[in-house]
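The stops below may be taken in order.

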Amino acid sequence: MRIGLVVTGGFDRSGRERVVPTLLWLVERLARHHQVHVFVIDYYREPCDYPLLGAIVHDIGRVTGPPGLRRVRVRRLLAAAIRAHGPFDVLHAYLGVPSAIVSPIAQRLGIPTVLSLASGEFVALEDIGYGMQRRWVDRSTLARATAAATRVTVDTAFMANLAAAHGVRTRVIPLGIDPRVFPLTSRTEGPPWRLLRVASLNPVKDYPTLLLALGSIVRRGLDVQLDIVGEDTMNGAIQELTRTLGLEAHVAFHGFQPTDRLAGFYARAHLHVSPSRHEGAGVVMLEAASAGLMSIGSAVGHLSDWSDVSASLPERGVAVAPQAPQALADAIVDLLSDWPRRERIAAAARDWTLAHDADWTAWQFEALYAEAARSK
């Protein structure tokens, strides 16, 4: 098959810096058996083409100007690139913005489309300006794109339920990881206890809730250290909050780290903590699970699915309500004192992660692409 994947970044020519590893693993596996072209919106300043992991990447270059005009120009450039490198059996758009752009192009060209929605497409968090449901123009554009799509996928049942509430039928296909990058490791039991948060510093990741929970844990006399791994997009606001709360001795900021350096952080931690306001999935939960580390956090994305005891499956994570620092602190303290439960949950999460790895994901999408192509 000839497959066209459309993304906004995540395919830096280095294959290491500023990439989306799950998409790289998917593309590398698809390219073993198919011709794969990746079309990138709004990453490199100038248009460029380069090979990566068996695929060919076509960056259309950054487009500037007012939002309305910019959207039109991006659509024209992308359409021209797709025509130039086609024909394609299927176009696969990842996330809401590419999906909204790709859908009308695919309709005009008569190409089946798969849309993968894995972020804030079905939420509206007004206080932090997050989610595609906040503005009428985004809601209507997304609705048209999903209605015109041949198939729509999400990573989690949590996200599928959000989509269904907006009238969108979806197929759940998680983007899996390569477990070899995050090997299973044994860790020394605390104290001292090490908590880990792997996520960029941005409002939706809700670092204030994490720091307030940490403060509560410290006040109880526990010897605990929090390692934060992620790019700072908030101009030092979280570091300042850490100082204000008097937690400097308990928090270490490590900045952005390439994927191949994360395994060491997972190996040293006793708990991975993810208090995000929203996650369509939360791939870091899979990375942690592969390394034998359990996750606790907000009931969103994978953690919502994994903590759903009504599903008659083993408990694979622990979840509390978003923006509930005291509940998060209580749950962390309980888990730190219960090694057998942590090990049991971590093992169940790892089993699920290995069963839904990058190879599994590629097989699922191969079947879905064939199904979409037949429906033309």
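The model is a predicted one.

Select L53 first, in the loop that joins β3 to β4. Its phi is near 55 degrees, a positive value in a residue other than glycine. L53 counts as partly exposed, because its relative accessibility is 41%.

Now display the largest nonpolar core, which comprises 33 residues, with V7, F11, V38 and F365 making the most contacts inside it. Elements supplying at least two residues each include β1 (2–7), α1 (21–30) and β2 (35–40). The largest share, 6 residues, is contributed by α13. Centre on V38: among the residues it touches are L5, V27, I56 and H58.

Proceed to the loop between β8 (171–172) and β9 (193–198), where P191 is found; P192 lies in that loop as well. The peptide bond from G190 to P191 is cis, with omega near -5 degrees, and the bond from P191 to P192 is also cis, with omega near -5 degrees.

Finally, select helices α6 (residues 207–219) and α7 (residues 237–244), whose axes are 10 Å apart at an angle of about 20 degrees. The two are therefore roughly parallel. Y207, P208 and L211 of α6 meet I238, L241 and T242 of α7. By class, this contact has 5 nonpolar, 1 polar and no charged residues.

Definitions and conventions:
Residues are numbered from 1 along each chain as its sequence is written. This is a predicted model: local features need pLDDT of at least 70, side-chain atom pairs count only at pLDDT 80 or more; totals for chains, interfaces and linings use all residues. Side-chain values use heavy atoms; hydrogens and water are left out. Axes are lines fitted to C-alpha atoms, for helices over the stretch in contact, and angles run from 0 to 180 degrees between N-to-C directions. Helices (H or I, at least four residues) and strands (E, at least two) are DSSP runs, numbered from the N terminus. Angles under 35 degrees count as roughly parallel, over 145 as roughly antiparallel, 65 to 115 as roughly perpendicular and the rest as oblique. Contact means heavy atoms within 4.5 Å. Ala, Val, Leu, Ile, Met, Phe, Trp, Tyr, Cys and Pro count as nonpolar, Asp, Glu, Lys and Arg as charged, and the others, Gly among them, as polar. A nonpolar core is a set of buried Ala, Val, Leu, Ile, Met, Phe, Trp, Tyr and Cys residues joined through side-chain atoms within 4.5 Å. Buried means under 20% relative accessible area, exposed over 50%, partly exposed in between (1.4 Å probe, protein chains only). Lists of a residue's contacts leave out its neighbours within four places in sequence.
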